[in-house]
Amino acid sequence: LGEPAPSESAKRNKPDTQIEANGTETHVENDIEKIKRLERELSENETKTNNIVTLIQIFRRSFTDASTLYSTMQALRRALRKLALEHNIFGSQQREEASAKLQEWLRQRVNDFAGLCLTVLHNNDTRVQHGAFLSLLDVVQLEARKNVGQALGNVGTFSQLLLHFLVNSNINDVVITEFVSKYIQPHSDLLYYSLATIKSFTSNDLIQLQQKAHTEYTQKITEI
């Protein structure tokens, strides 16, 4: 599917009302209002963890609506980071069965979020790209807690982030500059790992990766 008409995008985020059977008007949430409510409920009541699933669903169907996409991504970034730290989901400490199940469930949701953010790096909106980039760095930092002292460059999400920067010609220069100047150059382990990874790829490898990334992004758009 192509880009939605401006009127469709505007309707999605415009407060609306519906007429009940008794003739009274009832306010209907738009997506932005719903995102705010879901995040607020999560922060106030930890039993509302299924709100994460609803936010991810909104995230998946908002790829052509930059405003909703960005708002959902930021809400998920804050909520998942908070829950991940509180439950130490990438830690090695033994937990009771119920707690261990919640940890695993949260790890799965973080992985879902990271995968979506990698796809969002191909979005044309610079603010959305930057938000996806910062969200992925949050995931990298969370994953690095799994093994204290582990080189950050060896973390799985960082590898995927680096590969997407190599093959994605659509990433804005502002995002690339921040990635290199703030995260690659100042850290010797990241610089070494990045250069070693780049060196290991042939031009054919990069072409295949670029085609794969483009296909995945196109599929996400057509699913909406």
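This is a predicted model: local features need pLDDT of at least 70, side-chain atom pairs count only at pLDDT 80 or more; totals for chains, interfaces and linings use all residues.
One cavity of 30 Å³ or more is held by the structure. Leu76, Arg77, Leu80, Arg81, Val110, Phe113, Ser135, Asp138, Val139 and Leu142 line the largest cavity. Sorted by class, the lining of the largest cavity comprises six nonpolar residues, one polar residue and three charged residues. As a general point, an α-helix has 3.6 residues a turn, so residues three or four places apart point the same way.

Read from the N terminus, the order of elements is α-β-β-α-α-α-α-α-α-α-α-α. Of the 224 residues in the protein chain, 38% are buried. The chain exposes about 12500 Å², and carbon and sulfur atoms supply 50% of that area. When contacts between residues at least 6 apart in sequence are considered, 61% of them join residues at least 24 apart.

How much of α7 is buried? Nine of its twelve residues are, so α7 is largely enclosed by the rest of the structure. The buried positions of α7 are Thr157, Phe158, Ser159, Leu161, Leu162, Leu163, His164, Phe165 and Val167.

Thr49 sits in the loop between α2 (31–44) and α3 (51–60). Thr49 counts as buried because its relative accessibility is 16%, and the cut-off for a buried residue is under 20%. Beyond its neighbours within four places in sequence, Thr49 makes contact with Leu42 and Trp105. Glu41, for its part, belongs to helix α2. Leaving out residues up to four places away in sequence, Glu41 touches Lys48 and Asn51. The C-alpha atoms of Glu41 and Asn51 are 8.0 Å apart in space, while ten residues separate the pair in sequence.

Gln103 is part of helix α5, and Asn88 is found in the loop between α4 and α5. Is Gln103 buried or exposed? At 6% relative accessibility, Gln103 counts as buried. Asn88 draws attention through its backbone: its phi is near 45 degrees, a positive value in a residue other than glycine. Although Gln103 and Asn88 are 15 residues apart in sequence, their C-alpha atoms are 7.6 Å apart in space.

Note on methods. Residues are numbered from 1 along each chain as its sequence is written. Side-chain values use heavy atoms; hydrogens and water are left out. Helices (H or I, at least four residues) and strands (E, at least two) are DSSP runs, numbered from the N terminus. Buried means under 20% relative accessible area, exposed over 50%, partly exposed in between (1.4 Å probe, protein chains only). Contact means heavy atoms within 4.5 Å. Accessible areas come from the Shrake-Rupley method with a 1.4 Å probe; for residues, only the protein chains shown count as cover. On a 1 Å grid over the protein atoms alone, a cavity is a set of points where a 1.4 Å probe fits but cannot get out, and a pocket is an open set with protein on both sides within 12 Å along at least five of seven lines; lining residues have an atom within 4 Å of a point. Grid points are joined across faces, edges and corners, and a volume is the space filled by probe spheres set on the points. Ala, Val, Leu, Ile, Met, Phe, Trp, Tyr, Cys and Pro count as nonpolar, Asp, Glu, Lys and Arg as charged, and the others, Gly among them, as polar.
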